[in-house]
Amino acid sequence: MQNADPAPLLQLQQLTKRYRAEDAAAVQDVSFDLHEGEILALLGPSGCGKTTTLRMIAGFETPDAGDVLIHGRSVLELAPRDRHIGVVFQDYALFPHLNLLRNVMFGMQQVPRAQRAERAREWLQLVGLATFAERMPDELSGGQQQRAALARTLAAEPRLVLLDEPFSNLDAALRESTRIEVRQLLKKAGTTAILVTHDQAEALSFADRVGVMQAGRLCQTGTPETVYHVPETAFVAEFLGHTNLLPCLAQGRQAQSPLGEINLSTEAQGEVMVSLRPEHLSLEASPASDANCEVISREFRGHDNFYRVQTAGTTPAEYKVLAPYDCVLPAGAPARLTPRQPGVILRG
Ligand code: ADP
Ligand code: MG
């Protein structure tokens, strides 16, 4: 009989790590499942415990509490090399004295010696570096080194790949193209992976699921669309992009807000905090008699205009609005600000 729901490839169960007794926990009660072929991004600000979480999965750090299971079995007793997990760090970590081919062959202990060179060339081909096989690492660009490091990691055929801020040393244009290529590569190879990053755009575009971390805890996990559109807390809402936080008085799917009556995405009663993203508000020029706000500033961003506007006598007094490229209002102009999507209720 076929098992419809096999054990996840990786399970973290209330993983906790404290480096020093007097410090707050670096990682606290982190739990999640990762299924075969899935890409998860762990997203959060610097110091929130992302790297520590990866290091515990890889076996470089021992948790104080909790468990790491692979295919339903604890791996805590296993040394890093026996976990069959590949790790790619920010600083590439290629061997400087070996050419690319030798670098890739290095991890291929599972492949018979006689076949390693040929297989290594195939991996280099896959990351678009076949013609660079004889080059030394310092003869490559940052993006090429990063792809070579990935080829070396994938060539070892790990059952899980951990990527710790692998694109952060690349300049902006290269970062975007490299992350697209790397995602395609992982998907083509069916590799299960965890990407650690503090860059929300990177997490949203790279991963199948995003886990947002704050101060050692995993505060929300979901598809990129869910964590962006339905944040559960103000922290998640603000970390994933700009937002406006409105104190409201809810009655079912409606609420009294500082901007008048608004719809809510879920039912609630009483005082609630609501998130409305800048693209969920619209802004129009308006005669002063009908205006409910005044433009503070406009930032032209090519395909859109990012506004800050202020309202009189409400809290908050300032709102961020994303308007189309052709909505051009000068600072000081009276305008009409209208919510055009239901607000999302935040907790705590
Ligand atoms: P991130 O990768 O999200 O930036 P880290 O996991 O590196 O976060 O760090 C989480 C917390 O643990 C931080 O407060 C950091 O200062 C602390 N920390 C990390 N590594 C060590 C260590 N080896 N010794 C003591 N404290 C550490
Ligand atoms: Mg880190």
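1. Basis of the note. This is a predicted model, in which local features need pLDDT of at least 70, side-chain atom pairs count only at pLDDT 80 or more, and totals for chains, interfaces and linings use all residues. Residues are numbered from 1 along each chain as its sequence is written, chains are lettered from A and ligands numbered from 1 in the order in which they are written, and side-chain values use heavy atoms, with hydrogens and water left out.

2. Overall make-up. The chain holds eight helices and 18 strands; these are DSSP runs numbered from the N terminus, helices being H or I of at least four residues and strands E of at least two. Its C-alpha trace spans about 80 × 50 × 45 Å along the principal axes.

3. Burial and surface. Of the 348 residues, 47% count as buried. Buried means under 20% relative accessible area, exposed means over 50%, and partly exposed is in between (1.4 Å probe, protein chains only). The accessible surface of the chain is about 17,100 Å², and carbon and sulfur atoms hold 49% of that surface. Areas come from the Shrake-Rupley method with a 1.4 Å probe, and for residues only the protein chains shown count as cover.

4. Contacts. Among contacts in the chain with a separation of 6 or more, 64% are between residues 24 or more positions apart. A contact here means heavy atoms within 4.5 Å.

5. Largest pocket. The largest pocket has a space of about 690 Å³. Its lining has 23 residues, and the closest to the centre are Ile85, Gly86, Val87, Gly107 and Ala156. Strand 6 (85–88) and helix 4 (142–155) are the elements that give two or more residues to this lining, and strand 6 gives the most, with four. On a 1 Å grid over the protein atoms alone, a pocket is an open set of points where a 1.4 Å probe fits, with protein on both sides within 12 Å along at least five of seven lines; lining residues have an atom within 4 Å of a point. Points are joined across faces, edges and corners, and the volume is the space filled by probe spheres set on them.

6. Backbone points to check. Threonine 315 and proline 316 are joined by a cis peptide bond, with omega about -5 degrees. Proline 316 sits in the loop between strand 15 (304–310) and strand 16 (318–324). Histidine 84 has a positive phi near 55 degrees without being a glycine. Histidine 84 belongs to the loop between strand 5 (73–74) and strand 6, and is partly exposed at 47% relative accessibility.

7. Alanine 215. This residue, also not a glycine, has a positive phi of about 45 degrees. Alanine 215 is in the loop between strand 9 (209–214) and strand 10 (217–222), where it is exposed, with a relative accessible area of 61%.

8. Serine 275. Which residues does serine 275 contact, leaving aside its neighbours within four places in sequence? They are Pro231, Ala237, Thr243, Asn244, Leu245, Gly343, Val344 and Leu346. Serine 275 lies in strand 12 (residues 260–276) and is buried at 4% relative accessibility. From alanine 237, 38 residues away along the chain, its C-alpha separation is 7.1 Å.

9. Glutamate 134. Glutamate 134 is in the loop between helix 3 (113–126) and helix 4. Not counting residues up to four places away in sequence, glutamate 134 touches Asn99, Leu101 and Arg121. The C-alpha atoms of glutamate 134 and alanine 335 are separated by 63 Å, the two residues being 201 apart along the chain.
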